[in-house]
Amino acid sequence: MLRNALIYFDHNATSPVLPEARRAWLEACDRFPGNPSSPHRLGSRAEAALSEARARLATILACDPMDIVWTSGATESNNMVLYNAAAAGSPGREVWVSSIEHPSILEPCRALLPDACRLIPVRPSGVVDVEWLTENLARTRPALVIALAANNETGVIQPWKAVLEACRRFGVPYFCDATQWIGKLHGSGLGACDFLSGSAHKFGGPRGVGFLKCPERGRTVALLRGGSQEDGRRAGTENVPGVLSMLAAMERRESTLGSGEAAARLQWRFEVEQELRESLPGARIVGEQEERLWNTVMALMPEADCRHRWVVKLDKMGFAVSTGSACASGKEEASHVLKAMGLSAAESGRALRFSSGWETRKEDWEQLLEALQKVARTNRKR
Ligand code: PMP
């Protein structure tokens, strides 16, 4: 449907619901009308469906099903981790957080731990500085280390395995926001992180549902209180259709990943970037020397026009693109991610993000390139 209206290059903001996920949602509405906490059979059936979904997710991530808490999405999961860190707060112990995290981590971190929040630097290429982390862990032990799996703006893949290893070595818990990783790359192994967040709508599931993998069953402090759901870790009636739909989407993506289709899409991305550099003098790819998600291209466009004008012009030509993180779009604040990479506010003001999906075709990228060249030509004439 979306395809008819616009060619969609904003999958990092949200991705259309997959047919499998839609079917699973509708089916769950029919099959599991009960509240999982209710004492009757319909309640038990709904509860059993949730348990089964927990086991399926745990299989993908390789973790204990009981460590999974269903949430309303990554924003809630992320807030929950910071709330826990603040509630557990040992005075004087810091939380170290990468400077390129999503605002749903950085803002609660600053608000709840105003004096205990230390930023982990990133390299100019957009990757978290693991050397800095290891050197500093050898000197002091923070209460928690936070570094995401892949950045939503630049698509730069982060060294979460190395971060996990360093944290293990020094006995420090590690929280990884895998919202942009899951569904684009295999989820296996992510369950080894002490805390892990994910969100269905980034990989073809519905909006408003996600999860948090957390450690130490029974010791997690609830952010939402007023019910004993999720072992007392998150109050509120569980979203059974949402959870089952999320799992259907995730399993579909995992099986696509198994078919090796990501490699072809990575090749398209390389070709698009090459063409973009050649045909738009002055354009630059952000994080180009690093490994990046196969679906994401963040480009600094030639100087001629402000980036919102690019978005508007491309929209009129039938392409939905973004200026970066959806949450920061629309207000003219320089991106904290690009700032952390050492880019100036003026450079950040030229950034456009093109994020494709599994269903995006090579021809869609080619048409986008043509449109970009057309806009650049009209910009030059003005
Ligand atoms: N973390 C990252 C890395 C994200 O990209 C997003 C969505 N932009 C979020 C968290 C928030 O996710 P949700 O929409 O599920 O609240």
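Student: Which conventions apply here?
Tutor: Residues are numbered from 1 along each chain as its sequence is written, and side-chain values use heavy atoms, without hydrogens or water. Since the model is predicted, local features need pLDDT of at least 70 and side-chain atom pairs count only at pLDDT 80 or more, while totals for chains, interfaces and linings use all residues.

Student: What order do the strands of the seven-stranded open sheet have?
Tutor: Strands are DSSP runs of E with at least two residues, and helices are runs of H or I with at least four, numbered from the N terminus. Two strands pair if DSSP finds at least two bridges between them. Here the order is β2-β8-β7-β6-β5-β3-β4, with mixed pairing. The edge strands, β2 (68-71) and β4 (117-120), each pair on one side only.

Student: How many bridges join β6 to β7?
Tutor: Three; β6 (residues 174-177) and β7 (residues 195-199) run parallel. Phe 175 stands opposite Phe 195 in β7.

Student: Which strands does helix α5 touch?
Tutor: Contact means heavy atoms within 4.5 Å. Angles run from 0 to 180 degrees between N-to-C directions, with axes fitted to C-alpha atoms, for helices over the stretch in contact. Helix α5 (residues 103-112) touches β3 (95-98), β4, β5 (144-146) and β6, and its direction makes about 150° with that of β3. Helix α6 (residues 130-139) lies across β3, β4 and β5, at about 140° to β4.

Student: What is the order of the three-stranded sheet?
Tutor: This open sheet reads β9-β10-β12, with antiparallel pairing. β9 (284-285) and β12 (351-355) each have a single partner strand, so one side of each lacks a neighbour in the sheet. Two bridges pair β9 with β10 (residues 296-300), and Arg 284 has Leu 300 in β10 as its bridge partner. Helix α10 (residues 261-279) lies across β9, β10 and β12, at about 10° to β10.

Student: Which residues come nearest to the ligand?
Tutor: A residue is near a molecule if one of its heavy atoms lies within 4 Å of it. Of the 13 residues around the ligand, Thr 75, Asp 177, Gln 180, Ser 199 and Lys 202 come nearest. Helix α4 (residues 74-88) gives the most to the shell, with three residues.

Student: Which polar side-chain atom lies 2.5 Å from a ligand oxygen?
Tutor: One belonging to Ser 199. For His 201, a side-chain N or O atom is 2.8 Å from an oxygen atom of the ligand. A polar backbone atom of Ala 74 is 2.9 Å from a ligand oxygen.

How values were computed:
A polar contact is a pair of N or O atoms within 3.5 Å; within protein, one must be able to donate a hydrogen and the other to accept it, and residues adjacent in sequence count only if both atoms are side-chain atoms.
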